[in-house]
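Here's a quick briefing to read with the model open. Have a look at the picture, then work through the notes below.

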Amino acid sequence: MSIFSLVRRDSPISTTHRAFLLICPLVFVIFLFSLSIGAISIPAKALVFGGLDQLQQSVLFNIRLPRAILAMSVGASLGISGAAMQGLFRNPLADPGLIGISSGAALAVAISIVLIGPATGFLGLYGMGFAAFIGGTITSLVILRLSKISGLFSVTHMLLAGIAINALTFAGTGVLTYLSDDQQLRAFTFWTMGSLGGALWSQVFVSASITVPAIWILVLKARQLNILLLGEENATYLGIDTVRLKRTIILTTALTVGAAVAISGLIGFVGLVVPHLIRLLFGANHQLLIPLSALLGAGLLLLADTFARTIVSPAELPVGVLTSLIGGPFFLWLLIKQTSGKL
Amino acid sequence: MLVANNISFKVSGKTILSDVSLSVGRGEILSILGPNGAGKSTLLKCLSGFYTLSAGTIFLENKPYSELSLSELSQRRAVLSQQVSIDFPFTVFEVASMGRNLGRSDGLGYLDKNIINELLDLTAMTSMKDRLFSSLSGGEQQRVHLTRVLAQIWDQEDALLLLDEPTSALDLKHQFMLFEICRTLCETKGFSIVTVLHDLRLAKAVSDRTIFLQKGRIYASGDSAATITAPIVSSLYELKPEQVFL
């Protein structure tokens with residue numbers, strides 16, 4: 001057995017074992033790398049075997065660890081929401097950012113900032129999360145309705161509806177920016193670019209308290225999501241209440257996207273790229289796709305965030321800019337590949 | 001065992017089916033024939049319980065559909081719909097296994113896997129079991145869906161099987177294979193089968209009884225051999241008698 005038999009599709013090892021043997025160590029290595037790199041270097045060896053001095057410990061527990069875990073939690077929630085949306089829309093191009101769900105959530109947060117003011121503490125974070133959830137749910141429902149406006153589901157309608165909603169929320173945020181004071185303005189800029197800077201343990205807690213149950217719910221619905229890909233009619237014949245299933249998926253996704261947006265702003269393309277990579281390597285079965293998208297989403301966003309905070313150090317790049325830089329071309333490639341019928 | 005009494009179906013004011021009554025007994029194969037737009041597929045969707053009727057009632061084993069839950073219904077009837085494409089990389093085995101054991105979220109049991117393998121053998125798909133579904137030809141995909149649909153009701157007796165143009169993508173050999181399987185299921189498990197077909201000669205050869213639809217109404221019905229005749233066909237399809245070969 002070589003390391004390559006973990007990647008090959010016809011490998012003798014079962015897909016499930018292969019997948020976790022490949023992804024788990026990968027995420028762990030990224031995690032160690034992310035904790036060790038920064039203005040104050042913490043050797044990975046010391047992280048595993050102990051022997052950190054006081055400064056290193058303080059940096060680790062107050063700065064790096066909350067940020068790394070927050071990146072993983074947000075990354076996981078972006079990964080699963082992408083996977084779930086693509087299953088719901090039966091199309092691999094559905095990404096919460098692309099089709100406007102994230103920006104709907106962001107607009108709701110922006111409105112709540114102007115009306116109530118920037119959030120602080122647990123209650124504030126959950127409040128913003130709730131606002132984002134409402135915004136995300138409304139946009140999901142609108143997109144779902146618009147993409148089926150001609151009777152049958154159409155990818156073109158889905159993407160165009162996404163463009164329209166993105167434009168509308170952009171305009172909405174623009175108006176709010178014009179009306180806002182200096183402090184609110186800072187908050188908005190942060191949202192539109194997406195950043196994990198200044199991570200606190202309270203944010204980690206809020207994010208994880210939504211992401212972990214959401215992963216659980218989606219894993220429970222994984223087989224039904226597989227069957228939904230046969231179309232609503234066939235899923236009904238197999239005994240699935242498709243209306244209820246779709247409602248569960250939309251609410252769960254809006255909740256996770258909402259939590260991610262409220263905490264870290266708009267981080268695009270993770271939800272598009274991650275499930276696609278998993279499908280390429282391990283197939284489309286949602287029983288694997290959902291947990292693996294969570295894991296790989298966690299790993300990739302953590303890696304992206306690590307680069308975002310180190311490559312222009314001591315300054316910091318918003319991580320959303322970085323993911324868009326990589327995700328944009330990837331999306332174009334996917335679009336070309338799908339149009340030429342190779343997907 | 002399946003009885004439909006005076007069913008009608010309207011969609012946005014337009015009548016698609018009106019006053020259709022039919023029954024299918026245990027072990028019987030009924031074919032639904034008719035010109036394009038006669039309402040054949042709509043009738044099948046009504047019989048499957050997917051469409052809500054505008055009038056009339058359908059009974060399965062003397063129970064009206066309205067009293068059966070989706071999951072109860074799914075254990076007693078299976079539907080092979082027209083071509084279903086899937087944009088995601090599922091293997092043949094994964095698609096076939098979607099028919100089994102939906103109540104469980106943890107996946108397939110040992111028995112389920114046995115049933116699926118047995119059925120893949122029956123539909124001659126075993127050699128392609130690990131291939132990607134999207135890489136198959138139309139006819140092969142149709143056979144995978146057939147496997148899935150059979151898996152759904154394989155361990156039931158007296159189940160109802162509804163087929164919507166099941167032969168549209170199949171070659172001659174597999175058309176006969178399909179109806180051999182159907183006949184066996186009728187004889188050994190007491191299945192009732194309703195199938196929409198276009199090929200009149202095939203319908204005459206494989207079905208016990210036939211219903212001809214015209215503009216949403218029953219035009220003629222009865223014993224297949226006595227119903228699929230040149231006079232009926234030529235007047236229904238607006239053909240000259242010499243154009244009809246049966």
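Two residues count as in contact if their C-beta atoms, placed from the backbone, lie within 7 Å. On that basis, the contact between the chains takes 25 residues from chain A and 23 residues from chain B. Keep in mind that this is a predicted model, where local features need pLDDT of at least 70, side-chain atom pairs count only at pLDDT 80 or more, and totals for chains, interfaces and linings use all residues. Residues are numbered from 1 along each chain as its sequence is written, while chains are lettered from A and ligands numbered from 1 in the order in which they are written.

**Where chain B touches chain A**
- Helix H2 (70-76) and strand S6 (77-80) of chain B are the elements that give two or more residues to the side touching chain A; helices (H or I, at least four residues) and strands (E, at least two) are DSSP runs, numbered from the N terminus.
- H2(B) supplies the largest share of that side, with 4 residues.
- By class, the side of chain B that touches chain A has 12 nonpolar, 9 polar and 2 charged residues (Ala, Val, Leu, Ile, Met, Phe, Trp, Tyr, Cys and Pro count as nonpolar, Asp, Glu, Lys and Arg as charged, and the others, Gly among them, as polar).

**Two crossing helices in chain A**
- The axes of helix H3 (residues 54-89) and helix H12 (residues 270-282) of chain A come within 7 Å and cross at roughly 70°; axes are lines fitted to C-alpha atoms, for helices over the stretch in contact, with angles from 0 to 180 degrees between N-to-C directions.
- H3(A) and H12(A) are therefore roughly perpendicular to each other (65 to 115 degrees).
- On the H3(A) side, the residues that meet H12(A) include Gly75(A), Leu78(A) and Gly79(A), and their partners in H12(A) include Val270(A) and Pro275(A).
- This helix contact has 6 nonpolar, 6 polar and no charged residues.

**Strand pairing in chain B**
- S1 (residues 2-11) and S2 (residues 14-24) of chain B pair in the antiparallel sense over 7 bridges; strands pair if DSSP finds at least two bridges between them.
- Val3(B) stands opposite Ser23(B) in S2(B).
- The S1(B)–S2(B) hairpin has 2 residues between the strands, and Ser12(B) in the turn has a positive phi of about 35°.
- S1(B) is also joined to S4 (residues 55-60) of chain B by 5 bridges, running antiparallel, with Ala4(B) opposite Ile58(B).
- S4(B) in turn runs antiparallel to S5 (residues 63-64) of chain B, joined by 2 bridges.
- In the hairpin of S4(B) and S5(B), Glu61(B) takes a positive phi near 50°.

Note on methods
Angles under 35 degrees count as roughly parallel, over 145 as roughly antiparallel, 65 to 115 as roughly perpendicular and the rest as oblique.
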